[in-house]
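Morning, everyone. Please have the sequence and the structure open.

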Amino acid sequence: MSITKTEWQAIKDNNKYYDDIFWYAVKSTRIFCRPSCLSRLPKKENIEIYYTKEEAVQAGYRPCKRCQPLGEPVSNQEWVKEIDTILLHNYQQKLTLEELAHLARGSESYLRHTYKVITGITPQKRLMNIRLSMAKKELLETDLTVKEVAESVGMENVAYFIKKFGEYYGDSPLQFRRKISNKIVPPKS
Ligand SMILES: [Zn+2]
């Protein structure tokens, strides 16, 4: 299933003659497309090739909203699931709404609107929820510094990370870690 030169070229050219010959799936977003899809070119190493669309579906990939590789429109409910998957796979990177919209194959405003209508929160809020709960987990399970934890969840601005963490959990990251470790490690007698 690794990609051949011809397939890579067809994807780069959005070559519609290769539609229905193969489909390409993008590992970092779990979405698959027709070769002719006009969305931004993914990294080559993230691509998997399938010769039937059913196989792509079986492998856990979801249809692109833009090129509709299953030949039917992607519902907004389905699209929101795709967006959540992208958030979970990419929260460690700096992920702007623009970048998210690229990855999810839609426009920024439409994505934000649709996501909010269906889930009740913005995609940015959802991303923050994921980042902070992952940060909590890392504070519990690793010895990473607060700065390292912030970076590992895609938040370069440590001060902002600390502020948000406090808003969510009522403690600073260090207070949180201290409280938890006090509970786990019994005090010396
Ligand atoms: Zn597509």
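Predicted model: local features only at pLDDT ≥ 70, side-chain atom pairs only at ≥ 80, totals over all residues.

Start with the domains. The domain assignment of the protein gives domain 1 as 5-63, domain 2 as 76-122 and domain 3 as 125-184. Between the centres of domain 1 and domain 3, taken over C-alpha atoms, there are 37 Å.

Now the sheet. It is open and has 4 strands, in the order β3-β1-β2-β4, with mixed pairing. β3 (47-50) and β4 (62-63) each have a single partner strand and stand at the edges, so one side of each has no neighbour in the sheet.

Next, β1, residues 23-26. With β3, β1 pairs in the antiparallel sense over 4 bridges. Go along that pairing and you find V26 opposite I47, and Y24 opposite I49. With β2, residues 31-33, β1 again pairs in the antiparallel sense, over 3 bridges. There, Y24 stands opposite C33.

β1 and β2 form a hairpin with 4 residues between the strands, and in that hairpin R30 takes a positive phi near 60 degrees.

Back to the definition. In a regular strand, side chains alternate between the two faces of the sheet. Which residues of β1 lie on each side, and are they buried or exposed? W23 and A25 are on one side, Y24 and V26 on the other, and all of them are buried. Both faces of β1 are therefore covered.

That's my part.

Terms used
Residues numbered from 1 in each chain as written. Heavy atoms only, no water. Pairing = 2+ DSSP bridges. Helix = DSSP H or I, 4+ residues; strand = E, 2+ residues; numbered from the N terminus. Domains from an automatic or database assignment. Buried < 20%, exposed > 50% of the residue type's maximum accessible area, 1.4 Å probe, protein only.
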